[in-house]
Every structure is written in structure tokens, then in C-alpha cells.
Amino acid sequence: MRLPINSSCSKLLNWAYKIRDSSLNAKWEDVFSHFHQMNKTGIQLTDPAFFHPILKACVFLSFKHGKSIHASVIKQGFDSFASVGNSITDFYVKSGFLDSARFFFASMSTKDSISWNIMIHGYLDQGFFEEGLCLFMQARVVGFEPNVSTLVLAVQACRNLRAVHDGLKLHGYIIQSGFWSISSVQNSLLSLYADSGIELARKLFDEMCERDVISWSVLIGGYAQSEEAYVALVLFREMALKIGPEIDAQVMVSAVKACTSLEYLSVGKLVHGFVICRGLDYDPFVGNSLVDMYSKCSDTVSAFKVFSNMPMRNPVSWNSLLFGFVHNKKHSDALLLLDSMRNSGIEADEVTLVNLLHLCKYYIDPLQCKLIHSIVLRRGYESNDLLINSLTDAYAKCDLITLAWTLFIQMKRRDTVTWSTMIAGFTHCGMPDKAIALFQQMYRAQEKPNAITILNLLEACSCYAELKSAKWAHGIAIRRDLASEVVTGTAILGMYSNCGDIEASRKAFNQISRKNIVSYSAMISACGMNGLARDAIALLSEMKSHGLKPNSLTTLSVLSACSHGGLVAEGLRFFEDFVQDPEVELRLEHHSCVVDMLGRAGKIDSAMELIKSLPEGLKAGPSAWGAVLSACRNYGNSKLCAGAGAVAVASVLELEPSNSGGYMLGSGMYAASGSWVDAARIRRLVKERGVRVVAGYSMVHVNNKACRFVAGGKNHQNYPLWDDICFVVEQLHEWMMVDNRKDEILSQE
């Protein structure tokens, strides 16, 4: 510090030392106090260097006093000094008044590199990236020399703006200016490239002579978040061999994320062991990553162990484990965890509410959906798109489609997920026509559908079962270049199958570029649904010839095809083969399907024997007993109805007391066998228990309009071609009666 020589030199020198020492020790109040006491003694500052520590103190203590110092500088004529101007600019920048700083900066007669660095650093550090980069370009024109901190911030600004081209130009400038060898500058460039193009990052990493922990961490993190997570694990192993002791928590988090992306549970456990050896298991970020990894790898037991051993848990920890339970369908465990969360005083945030909505969908709990909606409104979470989309989906899955629609139309902005969710909601609630209309509205709104939207549209057309709509949806999938993909192609063949166009299903199946077990299972099911049981069996053989082994879905489709096609012997043979195959898991629905197959063939005693011989842990459900009940209605006599039929009725009504289907089947069975008293008793139970009877219906498309004919309905007269349809139905009934008489005559002969 250069001191002036005058009559009060000794006093000024004394104050100068006091101000300097207080500034060096960051005692800003003392700096201010010394300055005020000096002013009271009448001593005037005569050296511009005095103003820097005083203005720095004003940043921490008083903006108002800083403006006063600025006025004093102007009065004494020191504002023409570059060093004083830089201090004033720095004061305004660090006080958060960038406009004032920019105004003063523009008025400075003399600007040096420090002046430019202060302004550029201020804009970039406070998040004004575009303005900061613009100033950086202006400064380059006048030939300023940036400092390392400014360069690092400039690269980070390019990264935040995803301005890769500007980053490349800045990279060239860094090399020309001689800053390339500085590790912090290299690492900032590495971060830029890791976010925008991992290949560029790897090339830069390989060119670096010296790599520190940050360098390794940035590249491993970049690969972990890309589609090449495996490379992240290779790099992690290489890093562990070269600088193992220096590995920090951030590197471990990236390694765990790579295992999560690849679902490498065994490797994840090895990384977990490394975490423990390095003593990093105390870190909450590492712990949360491990909980997430185990959850997404379907190991909720290990996820819970990690969670339990965490010394510090934050809301992310609780949400990660909650997601794990919900994701792995451990719904009861999720409810217990929520109780523990409340007891621990952890308040549910937006992520927690999303997981809660998944539970509401599983338990079909409309009341909880409404409670969560009220929490969303009270806390002002309406701007969270993920939460609102999840709420819309939960309302639809709980059959509150009106509330879902109200939420949808009230949304200020709708993204593709929002539209897709609402389309799926209408389909789920039995309104495929509205789902299709909403997709058309989405198209008119110029919102681009994604693959999920197209799948939801195909599902709607599948439920609508109208061939013209199906072909229209298929055309959209083709234009989006999705028809040949296995997921979309499988949905298309299923849609045509529901429309009864099995040939179109075959064509869609043949157009799938890479068929998998799911597409084969869907095609087998389609053949079975449309009465082509032998074609379904042939497809099973074709699938095996391509090296694909049948799974539970495939076996169920084959058994169902045999059941609907009347191939009892073949179906039983396949069932025996599946039982002997250790790689095939037979569940209750497989046994129920065989029961249905035997029942359809009139082999009710065999069906009952199969139910009695179910493997340990399996108990016949409504599907199996319903099949027996239906068979007794079709083939039974009074003796059979009193035996197997009575057992089936009792079981169905016990398992599904609120489902009208069981009551109707039971009443029909007793009526068919002439047991009118029992038939009346079953119908009386319907009224006593308040069971809502759901009438069956048929849907006929006339002039592109879906006409629903409900059993017992009286409002069909206004439908087009009503008289013609009634005439055809009467003719069909007459022919069916003739066929029955022929069967009776043949059986008597």
C-alpha cells in the first residue's frame, strides 16, 4: 500500500495499519469502525488504495454506506483511478446490483483486465449466462486477459446453456491463450463435453497429461448417465487401480448409478463392498444411491438394510426406499414405511405424493386420491407436471374419470405425458371412443405424440373393436416409423385380433423386425381367440425353433387356445409338458385355464379333480370355480348341480360376493336343471346383498357409429337398421334351435 507524505503522515499510517489488519482478518466491523473514527479526527484519505478494504467491508455490512463511499470517491476525484473503479464495480457486483455495476463500468475512463474480469465474473456467477458470455466476447475484442476463475465460469455458462459450438470456440481460445494446462480449466471443459457428447469428453480425457479425482469423476459420471454405462464401470475399475485411495463419494455415486442403469446387481454389491472399505457409507448421497440401486434391481431386502444402517437420512432416503417398495409391488411394506416416515416427522413432499398415488391405484382408493389432491392444492404443487399427471392417472385408475378430465382441462400447460395419461384413462374406464377423439384433439393442438401415446391409442382402438379405427391407428404408427418395433407391432396385432381380423394380425406380426417372446405369445393368443387353435400350436413350435423358450404368458396363451378350440387332448399334453419343465412357472391362472378347458368339454369330474390336486400354496379362485359353474350350467343335470355345481356356487359367491356374474351363472345353472327354488334363492340373494347387476351387451358398428345392445334394454328402437338387426337375430335363434333338435335326435339314435 503506497502511503502519502504530509503533516499527518504518522496518524494516517497508524489508521492504515489498523484498517489493513482488520481487513486481512475479515473483521469488517472493525474496518468500518476505524474508518469512522479516522473521519472524526479530520484525517482525509489521500491514497486511492485505502478505498478497497473499506468498500469490501461495505459488501458485508451496509450497501448504503458503500454508496456514500462511492460519493466520497467522486468528490475527491479518485474515480478516474482504475484500481478504485474496480473496487467500486466489485462492490456493486457482490452486493447484487448488476445494473448499477454495469452503469458505473460503462462510465469508467480506464478499464483494465481486472475490470472486465469483475463484470464477467459477476454476471456468470449470478446465473446471467448469456449476458456474461456476451461481455466475454466484447472483452476479447479489446484484448483483455481473463483469469482462471472467469474462464471456468465461462465454460460452465456454455454447459448450462448447452452451447456446445460456443464451448468449442472457447476451447480454442483457451489453447491459444496458454491456459490449457490448468487442471480446473480442463475439468470444466470435460464437464461441458460430458453433458453434450461423451465421445468428445473421452477424447479430451485421453489428451490430458495429468488427471485428478475430478477428471475421473466427471468422465465416469458422464458415461453413467449415457447409454454406455458399462464403460463407466470399466473406467471406475481403472481408476481404482491407479488412484484408489483418492476415490471420493461423488465417484462412488456415479459407479452405483452405472450399476443401476445396467441392473448389474452382483457388480453393485461389489461396489457396495468398496464403499464400506473406503468408509464412504456414512455419506447420505452414497447411501441414497445404494438404496435406489437395490430397489431398481428388485432387491428390496438389501435396500432396506442399507436404509436402516444409514447414520443420516433425508427425505430422498425415505422416498428412494418407498419407490423401491412400490416399484417391486411390496405395497404392504410401503404402507408400513409411510407410517414410520410420519412417526419420524418427515413431511411428505412431491416425490412422496407420486409414490402414494401409485398405492392409490393399486388399492383403488378414490378417497386417498382426493386427499392427496387437497394436499397438492394447499401446498401449491400444481406446477409439478409429474405430480399432476400422476394424479390424473390415479383418478382414472380409480374410475373417477370425471375428476381426471376436470384436472386435465384445468391444466395451464399440457405435455405429451399429460395427453397420453388422459387417453389411457378414457380407455381404462371403458370410453375408447373418447380416447380416440382426445388423440385427434391432441393432433389438432400440434402436440407431438411419442411411442407411449401411440400404444395408448392402439389400446383404445383395440377396446373399440372397430376395424376402420384400427387401420387408421395402424397408419399413424407406420408414419411414426414405429410399426416394426416389437412393442408397437405386438400392440397392433393384438388390436386387429380384437377386431376379428386375424389376417391383419398375421401381417402385423410378420412386419415385426425382431420378434421376442412377448410378440409370439400375443400372436398365439390372437389365434386362440379367433378359433385357430392349431395355428397357435404351430406358432409355439416355430417359436421354439428360433431358440425362444416359452414363459408363463406363452404357456397360458397355448392352453387358452386349446381350451377355446376344443383341443382337450392336446391341451392336457401341453399342460403335462409344462409341469415337467422346471423353467416354466405355472401359476394359478394356468390351472384355472385347464379347468375351463375340461369344463368346456363337459369333463366336470376331471375339472373338480384338478382343483382338488392343486399344488401346495395354490387355492382355486373365482376364475376356476366360475369355469366349473359355467360347465354345470351347460352340461349339468339335477344330480351334478347338487354336487359340483353347489360347491362351485358357494365358492364363487364367497370369493366375489359383490360380482353379479357369479349370481347370474348360479341362477342360470339351477334354472337349466329345473331347480327353480334354488334359482329363485340365488336371485333373492342379489337383492338382499345389494349387488349391482351388470348387464351383458353386444356392440355393432353402423355407419361409423357404435351401437350398444344391452341385454333387456328397451331403448334400441332409435338405432339405425334396428328392424333388420332384430330380424337377423330371430333367424339365428331359429337356426340354433334347429341345430339343438338335430343334436338331440342324433344322440337318441
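# Reading helices and loops in a predicted model

Student: In which helix does Ser519 lie, and which residues is Ser519 in contact with, leaving aside its neighbours within four places in sequence?

Tutor: Ser519 belongs to helix H31, which covers residues 517–529. With those sequence neighbours set aside, the residues in contact with Ser519 are Val486, Thr490, Leu493, Phe509 and Ile512.

Student: How many helices and strands are there in the protein, and what share of its residues is buried?

Tutor: The protein holds 41 helices and two strands, and of its 749 residues 45% are buried. If we take the contacts between residues at least 6 apart in sequence, 58% of them join residues at least 24 apart. The accessible surface amounts to about 39500 Å², and carbon and sulfur atoms account for 53% of it.

Student: What is used to describe two packed helices?

Tutor: The description rests on the angle between the two axes together with the distance between those axes. As a case, helix H35 (residues 588–600) packs with helix H36 (residues 604–612) at an angle of about 165°, and their axes are 8 Å apart. An angle over 145 degrees counts as roughly antiparallel, and H35 and H36 are therefore roughly antiparallel to each other. Their crossing is left-handed.

Student: Which residues of H35 and H36 meet?

Tutor: From H35 come His591, Val594, Val595 and Leu598, which meet Ile604, Ser606, Ala607, Leu610 and Ile611 of H36. Sorted by class, this contact of H35 with H36 has seven nonpolar residues, two polar ones and no charged ones.

Student: How do H32 and H33 run, roughly parallel or roughly antiparallel to each other?

Tutor: Helix H32 (residues 533–545) and helix H33 (residues 552–565) have axes that come within 8 Å and cross at roughly 155°. H32 and H33 are therefore roughly antiparallel to each other, and H32 passes H33 in a left-handed crossing. In this contact, H32 contributes Ala533, Ala536, Ile537, Leu540 and Met543, while H33 contributes Thr554, Val558, Ala561, Cys562 and Gly565.

Student: At roughly what angle do the axes of H26 and H27 cross?

Tutor: The axes of helix H26 (residues 432–444) and helix H27 (residues 451–464) cross at roughly 145° and come within 8 Å, in a crossing that is left-handed. Here Pro432, Asp433, Ala435, Ile436, Phe439 and Met442 in H26 meet Thr453, Ile454, Leu457, Ala460, Cys461, Cys463 and Tyr464 in H27. The residues of this contact divide into 11 nonpolar, one polar and one charged.

Student: Where is Asp481 found, and is Asp481 buried or exposed?

Tutor: Asp481 is found in the loop between helix H28 (467–479) and helix H29 (486–498). Exposed means a relative accessible area over 50%, and Asp481, with 60%, is therefore exposed.

Methods. Residues numbered from 1 in each chain as written. Predicted model: local features only at pLDDT ≥ 70, side-chain atom pairs only at ≥ 80, totals over all residues. Heavy atoms only, no water. Axes fitted to C-alpha atoms, helices over the stretch in contact; angles between N-to-C directions. Helix = DSSP H or I, 4+ residues; strand = E, 2+ residues; numbered from the N terminus. Parallel < 35°, antiparallel > 145°, perpendicular 65-115°, else oblique. Left-handed = near helix turned anticlockwise from the far one by under 90°. Contact = heavy atoms within 4.5 Å. Nonpolar A, V, L, I, M, F, W, Y, C, P; charged D, E, K, R; others polar. Buried < 20%, exposed > 50% of the residue type's maximum accessible area, 1.4 Å probe, protein only. Areas by Shrake-Rupley, 256 points an atom, 1.4 Å probe, with all protein chains shown as cover.
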